[in-house]
Structures are given as structure tokens and as C-alpha cells.
Amino acid sequence: MLGKVILEEAFALPRLEEKTKWWAGLFSTDAERHTKEIQDLTDIRLKYAHHYGVGYTVLSYTAPGVQDIFDPKEAQALAVEINDYVAEQIKPFPDRLGAFATLSMHNPQEAADELKRTVEKYGFKGALVNDTQRAGADGEDYVFYDQPEWDIFWQTLVELDVPLYLHPRNPTGIVFEKLWKDRQWLIGPPLSFAVGVSLHALGMVTNGVFDRHPKAQVILGHLGEHIPFDMWRINHWFEDRKKKLGLDCKKTIREYFNENFWVTTSGHFSTTTLNFVKDQVSADRILFSVDYPFETFEDGCNWFDNAEMNTGDRLKIGRENAKGLLKLGDYKDSNAKVI
């Protein structure tokens with residue numbers, strides 16, 4: 001399929017190459033190649049895009065990124081640096097590359113202001129944050145964005161009409177020591193990523209974010225971070241137990257997923273799983289993505305292009321849903337045809 005749109009595609013700052021190599025060594029079987037690919041924005045990845053029929057890529061800063069920095073001033077300075085850097089890099093390729101804003105999430109107003117600056121100045125397509133923000137003098141505090149003090153941020157997101165991509169990050173501090181240290185092979189895609197993001201996303205539901213901001217849009221990667229697989233059970237307990245005990249969210253979990261959440265295929269290239277998620281949230285709320293360079297264009301695109309599904313769903317998931325959500329204008333497919 002030509003003209004696919006992908007939107008969980010990571011990059012890193014070249015000046016932080018040593019840290020990038022260290023992180024890569026924790027999960028990549030070829031740390032040198034990973035470092036080279038993640039620091040490239042416009043050469044290697046556009047060649048892959050051309051070869052595998054990707055028309056438009058939305059870039060975002062790699063995890064844990066700014067959410068790992070618990071000094072507010074340092075976090076804000078890095079977020080601004082990253083946003084200015086990626087904007088300059090992609091400027092020559094408006095029909096091939098876009099970006100999600102990187103945000104320090106220490107302060108709701110500051111995050112809202114930086115989101116507005118990047119959307120209005122650079123045309124960014126929204127923001128991607130790596131789950132909770134580390135905070136506190138020792139980095140042991142976790143800032144969630146599901147409390148009323150974050151309403152100014154959600155209001156700004158809605159006014160700008162852009163989505164927030166809620167991406168995972170690695171466990172840190174006492175949470176790492178108590179839960180994950182002795183079972184480190186479960187950190188990341190095998191388990192910890194889904195645990196963190198699903199807690200945060202469901203917290204947004206139960207703490208009323210979408211009741212106060214019904215037009216807010218949140219994207220979850222990896223086919224929904226396990227939530228679609230528990231949809232019946234979550235709905236059953238919310239509706240038949242928790243609401244009778246005081247839970248006051250106005251809609252059902254299925255309605256929130258129909259109206260406020262999107263899920264991407266990033267790093268989850270299983271047709272069986274995709275079909276299940278389609279049954280739970282519908283093809284209208286699913287977006288194709290690769291998760292490059294943690295995953296490869298070859299694996300993601302070859303799977304999607306050959307997965308058994310009807311043409312309408314392939315078009316929706318592959319590009320049409322993203323074009324609507326991100327308000328994409330004309331862009332080029334891999335053969336330079338206007339989509």
C-alpha cells in the first residue's frame with residue numbers, strides 16, 4: 001500500500017550520542033546501528049519510507065526523554081531545544097515529515113504554552129509525552145496528567161485541535177527497585193510499558209478528563225497497551241460494580257474509546273491481534289505505525305501490506321484515519337504521487 005502514514009517514530013539528539021548508545025545497549029542487538037538510525041531524521045528513514053511505501057512520517061523524541069528529567073528548568077530547556085531542532089531538520093520536507101511536540105510536564109501552564117508555540121509556529125501535529133513526569137528532589141515523584149490542575153493543558157489541546165500521544169517510558173527509582181529490578185527482562189514491550197500507560201490512560205477516564213474535555217484526543221501505541229483485551233472486564237466492573245460504589249465518569253469505557261482514544265499498530269505486527277482490536281474499538285480508531293527504529297520498516301510495512309483485511313479497513317488504518325486526525329494536506333507517497 002502506498003502513502004501510508006506512521007506516527008510513533010523516534011529520534012534522538014546527536015549531542016546526546018553517548019547516552020543514546022548506552023540506552024541502546026539495554027535493548028538493541030546492534031547498538032551502533034540503532035544509534036545511527038535514531039539520530040538520523042531525513043536520510044536513512046526517508047530511504048526506508050520510499051522503499052516501503054510510507055508517504056508521511058510524524059517524528060517524536062525517544063523515550064524516556066524529557067519525562068526522565070526531574071529538574072523542571074532542565075526539563076523545559078531540553079524540550080524547547082528538541083522542538084526547535086526537529087522543526088529545523090524537517091523544514092525542507094513538509095510533504096514527507098512532521099513532528100509531535102516534546103513537552104516538559106512539570107507545570108500544566110508551561111506545557112500548554114510550549115504545545116501552543118510548537119503547533120502555531122512550526123505546525124506540529126500534536127504532542128507525544130513518555131507517560132508520567134519524574135519529579136521531586138530525588139526523582140521519586142510521578143506527575144500524572146489526570147487531575148483537575150491539568151485542565152488548562154487539556155483545554156489548550158482541544159482548542160488547538162491536536163492529539164496527545166501517551167507513550168511509555170521505563171520504570172525508575174523505587175518503582176524499579178521494588179517491582180522490576182529482579183525481573184528486568186519484563187521491562188519494556190514484554191510488560192512494563194503496557195502496565196504504566198494503561199494505568200495512566202484509565203486514570204484519565206476515571207478521574208474525569210474526558211468528561212471535562214469531551215473533545216480531547218489521546219493516542220495509545222502497541223494496539224492499545226493491553227486495554228482492548230480487557231475491555232469487557234473493565235466495562236463490567238465499571239458499570240456493574242464501581243459506578244454503584246461511587247465512580248462517576250459519565251460514559252462507558254467503550255464510549256471513551258470510540259470518542260477519545262486512538263490506538264496504533266506500533267511494534268505489534270499480528271493480524272490476529274489486530275482483528276481482535278478492530279472488533280473492540282473498530283477500524284475507525286486504529287492507526288498504522290512502525291515504532292522505528294525499535295522495530296523495522298520491513299517488518300511493519302510488509303506485515304501490514306500483506307495482512308488479510310478488506311480494502312476499506314486497510315485504507316482507514318493505513319492512512320485515512322491519520323489524515324483526518326492530524327489534518328494532513330497533500331503529501332507524497334513513495335513514488336512521489338500526491339495523496
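Predicted model: local features only at pLDDT ≥ 70, side-chain atom pairs only at ≥ 80, totals over all residues.
Q: Why are α5 and α6 called roughly parallel to each other?
A: Helix α5, residues 108–122, and helix α6, residues 151–160, pack at an angle of about 15°, with their axes 8 Å apart. Angles under 35 degrees count as roughly parallel, and α5 and α6 are therefore described in that way. As for handedness, α5 passes α6 in a right-handed crossing.

Q: Which residues make the contact between α5 and α6?
A: On the α5 side the contact is made by Pro108, Gln109, Ala111, Ala112, Leu115, Lys116, Val119 and Glu120, and on the α6 side by Ile152, Phe153, Thr156, Leu157 and Leu160.

Q: What makes up the contact of α5 with α6, in terms of nonpolar, polar and charged residues?
A: The residues of this contact divide into nine nonpolar, two polar and two charged. Lys and Glu count as charged, and Lys116 and Glu120 of α5 are among the residues in contact.

Q: What is meant by calling residues of α6 buried, and which are they?
A: The word applies to residues under 20% relative accessible area, and in α6 these are Asp151, Phe153, Trp154, Thr156, Leu157 and Leu160. Their cover includes α5, together with β7 (164–167), α8 (192–206), α9 (209–212) and β8 (218–220).

Q: What follows α6 in the chain?
A: The helix is followed by aspartate 161, whose phi is positive, near 60°.

Q: Where does UniProt place the domain "Amidohydrolase-related"?
A: An unreviewed UniProt entry lists this domain at residues 42–327; over that range the chain is 47% helix and 12% strand, with the end C-alpha atoms 22 Å apart.

Methods:
Residues numbered from 1 in each chain as written. Heavy atoms only, no water. Axes fitted to C-alpha atoms, helices over the stretch in contact; angles between N-to-C directions. Helix = DSSP H or I, 4+ residues; strand = E, 2+ residues; numbered from the N terminus. Parallel < 35°, antiparallel > 145°, perpendicular 65-115°, else oblique. Left-handed = near helix turned anticlockwise from the far one by under 90°. Contact = heavy atoms within 4.5 Å. UniProt positions renumbered as here; feature names shortened; annotations may be inferred. Buried < 20%, exposed > 50% of the residue type's maximum accessible area, 1.4 Å probe, protein only.
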